[in-house]
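Student: I have a new structure to go through. Can we start with the aromatic rings and then move to the core?

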Amino acid sequence: MSEVLLDGAALTAEQVRAVARDGAAVRVHPDGVTRANAAHQAVQALGATGPVYGRTTGVGANRLVAVEYESSSGPVVLGPEGSVISREVALHPPARHDAHGLRVLRSHAGGAGPLLDPISVRAMLTVRLNQLAAGGSGVEPGLLAGLEMALNHGLTPPVHAFGGIGTGDLPALAVTALCLLGEVPWRGGTMEPVPFDPADALAFISSNAGSIGEAALACADLSELLRASTVTTALAFLACDGNSEAYEAVVHLARPHPGQQTVAARLRDLLAGQALKPARIQDPYSYRAVPQVHGPALDAVVALERTLGIELNAPAENPLVDPVGNRVLHNANFHTAYLGLSLDAMRNALYQTAALSVARLSLLLEPAFTGLPPFLAAGPPGSSGLMILEYVAHSALGALRLNATPTALATAVVSRGVEEHAPFSSQAARNSLDAVASYRVVLAAELVAAVRALRMRGTPPVDGPLADAYAYAAERLSGRLDDRPLDQDVEDAAALLPALAAY
């Protein structure tokens, strides 16, 4: 897609990936600008007559400290309803709220660790721009134009890996604001500073756009890889003379989980018309249980897509500006337990199906299942063939296992105890991207072995989408059978997986 229209209501994970990785341009829908403007006008009026968290008060544990005016007697401390309950003595009078907003941005732009890949940062900018178009933040509409310009000029802020705990990607968005202001240089080029009302500081950074963006990238990639996995499984199945009885419709109607039925039906379609000669009364689990193990991964991705459909298009700021009701609502929509738990479930399901892929790879290298030499070797006795791919696949599976650890088992108490829970969905999203990368290696190793086995057997698929998929892969993967480095083979196979997903 050449352009993605951001209207604050219909952004998808696929569109986030198109902008972040493929360089699609973005354009804010006029309705999004209208909503943003209405919220901005409302919050300006409300902030002039009563307390608004982060706009007329400090943030975090400083939420009761007023910052809307100077006083020689020190900062005002507000009661629950905004009444003055005390004045704290200060050595220096507090600055006005505009200076306070700048201090919020500067003090919160404190990320650490390595800089994130520009793709992840572009995903964050796309998500944040769409959220602002949903019209709940109250920021000045010119900021939408600034983010749009940055994305379309290929600019990204220098975002560090560490800083978010699932209750707002504050360091990442604070440094983004400083780039818009011209205080911090962009990566990838320059642009004129964008007018930025410092009173909008908290409203701009009150978002989990970084975590949501990385989750969207992981979801879009994984949805594609899971489709490619079914094709790869069918090729491996043919090379091992599998028994398709396990995929019959009556079997899966007996226990009709949605993902399980989808996988079984897809395998039946791919194997239709093939000259099947089952070698066993029943296969090992890596073939027999594919629908029951791969199906939950499909269901987990569907659940994640449903969660992201909400998160990508939600004005989840605190406080939330309600122009229709002329209110500012202090809330906890910044808490991303839904996202973190969905990502945790997805990675656990992914590990299970990845383990099955590694097991199928082992069977492809075993003469008892293919009738071919050990390790699909073709040289003198003792040749190693694809032996090393088992090690590679298990290494990737080991990394995936570590990434599958549920991040929801952790929490944090910060800001003098007033923010006493965190879902760590930021880590869940980052772990999910890493898990998907490991899964890609596992599938690529299986694909290399499946294509090689079918070549050596001289029994390529006949007719239909599976034959087309095999022809596509076989044309692009090396046909050499001698012992040699296989790193390029795995890399080439990984690059083929998105196209195989379409068969």
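Tutor: We will take the aromatic pairs, then the nonpolar cores, of this predicted model.

Student: How many aromatic pairs are there?

Tutor: The count is 4 aromatic pairs. In one of them, the ring centres of F237 and Y247 are 5.6 Å apart and the planes stand at 45 degrees, so this pair is tilted.

Student: Where do F237 and Y247 lie?

Tutor: F237 is in helix α8, residues 209-239, and Y247 is in the loop between α8 and α9. The pair therefore ties together parts 10 residues apart in sequence.

Student: Are F237 and Y247 buried or exposed?

Tutor: Both F237 and Y247 are buried. They also form one aromatic cluster with Y287.

Student: What about Y472 and Y503?

Tutor: Their ring centres are 6.1 Å apart with the planes at 50 degrees, so that pair is tilted. It links distant parts of the chain, with Y472 in helix α17 and Y503 in the segment after α18, 31 residues apart. Y503 has 26% relative accessibility, so it counts as partly exposed.

Student: Now the core. Which residues touch the most other members?

Tutor: In the largest nonpolar core, which has 142 residues, they are F204, L308, L364, Y439 and L447. Helix α8 gives the largest share of this core, 19 residues.

Student: What is L447 in contact with?

Tutor: Leaving aside neighbours within four places in sequence, the contacts of L447 include T232, L235, A473 and L477. Among the others are A493 and L500.

Student: Which residues are in the second core?

Tutor: That separate core has 7 residues, including A39, V52, V321 and V328.

Technical notes:
Residues numbered from 1 in each chain as written. Predicted model: local features only at pLDDT ≥ 70, side-chain atom pairs only at ≥ 80, totals over all residues. Heavy atoms only, no water. Phe/Tyr/Trp six-rings, centres within 6.5 Å; stacked < 30°, edge-to-face > 60°. Helix = DSSP H or I, 4+ residues; strand = E, 2+ residues; numbered from the N terminus. Buried < 20%, exposed > 50% of the residue type's maximum accessible area, 1.4 Å probe, protein only. Core = buried A, V, L, I, M, F, W, Y, C linked by side-chain atoms within 4.5 Å. Contact = heavy atoms within 4.5 Å.
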